[in-house]
Amino acid sequence: MNRYILLIIGMSLVTLIPRVIPLIFHRLKLPKLVETWIKGVPYAALAALTIPGVFKLDPNNIYVGIVGFAFAVGASILKLPLYATVFISILAVYGFYLLF
């Protein structure tokens, strides 16, 4: 039972620390380079989570994921709403399946 309490306390600290750090350092002025790097972290994390899925979408045909990804990037560059980007990507993948 004691191990479970320590486990719960440890998990609580791991969850609490990233939430408290910004409160402690919110007045600290960071160099512009560091601020730019920090702003890029969410995009890097999103890419790290989604890009492997692009290549594992269909093991028999790797191009399916690439086509969907390309259409999603194109729709994003055109600054279309999220629902339109998702819909266009789904249509592109479905159309690719129909053609090939």
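## Starting point: S89

S89 sits in helix α4; helices here are DSSP runs of H or I with at least four residues, strands are E runs of at least two, and both are numbered from the N terminus. This is a predicted model, in which local features need pLDDT of at least 70 and side-chain atom pairs count only at pLDDT 80 or more, while totals for chains, interfaces and linings use all residues. Residues are numbered from 1 along each chain as its sequence is written, and side-chain values use heavy atoms, with hydrogens and water left out.

So what surrounds this serine? With a relative accessible area of 13%, S89 is buried (buried is under 20% relative accessible area, exposed is over 50%, and partly exposed lies in between, using a 1.4 Å probe and protein chains only). Setting aside neighbours within four places in sequence, S89 touches G68, F71 and A72, where contact means heavy atoms within 4.5 Å. A polar atom of the S89 side chain also lies 3.4 Å from the backbone oxygen of G68. From S89 to V73, 16 residues away along the chain, the C-alpha separation is 9.1 Å.

## Helix α4

What else is buried in α4? Along with S89, the buried set has A84, T85, A92, V93 and F96. Seen down the helix axis, these buried residues fall within an arc of 165°, so they line one face of α4; the arc is that of the directions from the helix axis to the C-beta atoms. The cover over them includes α3.

On the face turned away from that buried side, α4 carries the exposed residues Y83, F87, I90, Y94 and L98. As for length, α4 has 18 residues and reaches 26 Å from first C-alpha to last, close to the expected 26 Å at 1.5 Å a residue. The expected span is 1.5 Å times one less than the number of residues.

## Helix α3

Helix α3 runs over residues 63–77, and its 15 residues should span 21 Å at 1.5 Å a residue; the end C-alpha atoms are 21 Å apart, which agrees. The buried residues of α3 are V64, G65, V67, G68, A72 and A75. They cover an arc of only 160° around the axis, which puts them on the same side of α3.

Which helices do they pack against? The buried residues of α3 pack against α2 (32–55) and α4 (82–99). Y63 and I77 are exposed, on the face of α3 turned away from its buried side.

## The loop at K79

K79 is in the loop between α3 and α4, just after α3. Its phi is near 60°, a positive value in a residue other than glycine. Most residues other than glycine have a negative phi.

## A look at α2

A45 belongs to helix α2. At 39% relative accessibility, A45 counts as partly exposed.

## The whole chain

How many helices and strands are there? The protein has four helices and zero strands, giving the pattern α-α-α-α along the sequence. Its radius of gyration is 21 Å, whereas a compact globule of 100 residues would have one near 13 Å. That radius is taken over C-alpha atoms, and the globule rule is 2.2 Å times the number of residues to the power 0.38. Along the principal axes, the C-alpha atoms fill a box of roughly 60 × 45 × 20 Å.

Of the 100 residues, 14% count as buried. The protein exposes about 8,800 Å², with carbon and sulfur atoms supplying 77% of it; accessible areas come from the Shrake-Rupley method with a 1.4 Å probe, and for residues only the protein chains shown count as cover. Among contacts with a separation of 6 or more, 30% join residues 24 or more positions apart.

Conventions:
A polar contact is a pair of N or O atoms within 3.5 Å; within protein, one must be able to donate a hydrogen and the other to accept it, and residues adjacent in sequence count only if both atoms are side-chain atoms.
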